[in-house]
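Here are some questions on a two-chain model. Have the coordinates open as you read.

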Amino acid sequence: MADVAVESGQVAYKDAARRARVASSFKLRDTSFRWLTLAAAIAVLIILGGVIASLIQGSIPAFQAFGFGFLTMQVWNPVTDRYGALAPVYGTVVTSLIAMLIAVPVGLGIAIFLSELCPDVLRRPIGIAIELLAGIPSIIYGIWGLFVFAPFLQQYVQPALIGLFGHVPVLSTLFAGPPYGIGMLTAGFILAIMVLPFITAISRDVFNTVPQLLKEAGYGGGCTTWEVVRFIVIPYTRVGILGGVMLGLGRALGETMAVTFVIGNAHKISASLLAPATTISAVIANEFTEAVSDLYTSALIELGLILFVITFFVLAVARFMLMRLEHQAGR
Amino acid sequence: MALYDSRRRTNMIGLGLCYASAAFGLGWLIIILATLLWQGFSGLSVAVFTQMTPPPGSGGGLLNAIVGSLIMTILGVCIGTPLGILAGTYMAEYGRGSKLTFVVRFINDILLSAPSIVIGLFVYEVMVARMGHFSGIAGAIALAVIVVPVVVRTTEDMLLLVPGQLREAASALGLPRSTVVSRIAYRAARAGLITGVLLAVARVSGETAPLLFTALNNQFFSADVNAPMASLPAVIFQFALSPYKQWQSLAWTGALIITLAVLVLSIVARVLGSRGASK
């Protein structure tokens, strides 16, 4: 009897020891896994920090040489080693503006079509097609722009534009010069086609957050479809639409391959939209591997820093607005 | 009655514009795809997959570029995916609602659409400039930096969809948290996680800008990740801007291959994702 008691006590003791061992191994695994995931989450922050830090470090020589004058100088001359960012920054801003002027109304139109007008059978296929198109690599748009769209513009559209606006006071400067085919207008248009799926997809999602009740109330009050869209759907989703537009703008500003093919790579600022120009990303893509002097490389990296800072702010505003909308929807 | 008419007119004009913009926008996208198919298929042959990129003026294929793209994409995804999944796990499992999660999500969303050429500059500064030469591994790292935000985003979203009761049931059995995550949450969200990785693959396989000054390009076959490596997008960039007809035709074919690969990947990801969501 006593033996059994002692034995079972031993068993219990062994059991407890084993349990403690297992529990402690669990605990070790638990804490290490937890720290591992935490480290990975922090690594995401480190990547962003690393990008900013390395760009700043790389642009120090250019900043020392040119100071803030870098932003206002138009000259870009590798021979005399003098560089200014004005022309690429101007090209980036103008091409993105052209893209937004085209893509925002068209994108919103498609989104309204998809959420209010489209027959149910087509809604899903078209929606999916647009989302798939958002994933097409930008180099495809670039190569199409170079081989198909630019020659088409050069032959038919640009001569017509020059002829049409040649004698109108302000527009004649915007559409002046020989029709090269490539240039700011072409690049802006290609960008517009490229960001169109992004803007459409986001605005459609945003439109779908409008409560059915509000729309039905509008229809019940005798509104036409257009009035429901104009006075109920769009006001309700204002913030979200703006977020989507900013997101598209962020894409357009930083886009490289679609633009590099058709911008023309000319370091000058011209009033004419038909003239070849350059953008920040196109300059970097074209010249970085050819940059021989350290100052040249550094100037290109400083351009990259400027681009990153601009897009960072645009994207941050976009995310902030979309987040506010989510907050609103969750309430 | 006049008011009624004018409202009807406005309605017709507004809706007409919506229809027109849908036709306009979708029309361009269809034209682009049609041109791509037309031009790409006319250059497609067995030689494209078996021969090296040619010197100007002679025939050849894209073998070295395809292999280079595959190597760098696979390496980049293999490096970026674990990091992305772990970070997403922290955000959905451990730090749900914490300040750090909020900040990481915000920064991650910005990285998601940050200009990829800047990522190339970053990797150039950090790796290429230090090593003194361009290399395939630098290209892979640049792609990995692009993979991470995509995977983080989908991992977090998918883990948040896993019902809390599953985790509670597992915890009630006495399983430690790490086992609950790896055996229960990961399994429940498996389809979604795979979708995220496939989307990341689709995203990076067409990336050109970050490869231009990390992996550079290589006219010859090379599987050495320490040497410059060819990739499909970089070859397309070089060939399309050249004056040679054969090179331009190869560029179209390369573009077609990339597009088809990306489309197939996205469709598979979508099917998997919707199956996972409906389960």
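**Contacts and rings**

Q: Which residue of chain A forms a salt bridge with Arg7(B)?
A: The model is predicted. A salt bridge needs the nitrogen within 4 Å of a carboxyl oxygen. Here the closest N and O atoms are 2.8 Å apart. The partner of Arg7(B) is Glu227(A).

Q: Which helix of chain A gives the most to the side that touches chain B?
A: The side of chain A that touches chain B has 56 nonpolar, 18 polar and 7 charged residues. One helix gives 22 residues to that side. That is helix 1 (residues 2–66) of chain A.

Q: How much area do chain A and chain B bury between them?
A: In contact are 81 residues of chain A and 82 residues of chain B. Carbon and sulfur atoms carry 81% of the buried area. The area is about 7300 Å².

Q: Is Tyr156(A) buried or exposed?
A: Tyr156(A) pairs with Phe152(A), 5.6 Å centre to centre. Both lie in helix 4 (residues 138–165) of chain A, 4 residues apart. The relative accessible area of Tyr156(A) is 53%. Exposed means over 50%, so Tyr156(A) is exposed.

Q: What kind of aromatic pair do Phe261(A) and Phe237(B) form?
A: This pair crosses between chains, with Phe237(B) in helix 11 (residues 232–240) of chain B. Phe261(A) and Phe237(B) are buried. Their centres are 5.5 Å apart and their planes at 85 degrees. Planes over 60 degrees apart count as edge-to-face, so the pair is edge-to-face.

Terms used. Residues are numbered from 1 along each chain as its sequence is written. Chains are lettered from A and ligands numbered from 1 in the order in which they are written. This is a predicted model: local features need pLDDT of at least 70, side-chain atom pairs count only at pLDDT 80 or more; totals for chains, interfaces and linings use all residues. Side-chain values use heavy atoms; hydrogens and water are left out. Contact means heavy atoms within 4.5 Å. Buried area is the accessible area (1.4 Å probe) that two parts lose on being put together, summed over both. A salt bridge is a side-chain nitrogen of Lys or Arg within 4 Å of a carboxyl oxygen of Asp or Glu. Helices (H or I, at least four residues) and strands (E, at least two) are DSSP runs, numbered from the N terminus. Ala, Val, Leu, Ile, Met, Phe, Trp, Tyr, Cys and Pro count as nonpolar, Asp, Glu, Lys and Arg as charged, and the others, Gly among them, as polar. Rings of Phe, Tyr and Trp (its six-membered ring) pair if their centres lie within 6.5 Å; planes under 30 degrees apart count as stacked, over 60 as edge-to-face and the rest as tilted. Buried means under 20% relative accessible area, exposed over 50%, partly exposed in between (1.4 Å probe, protein chains only).
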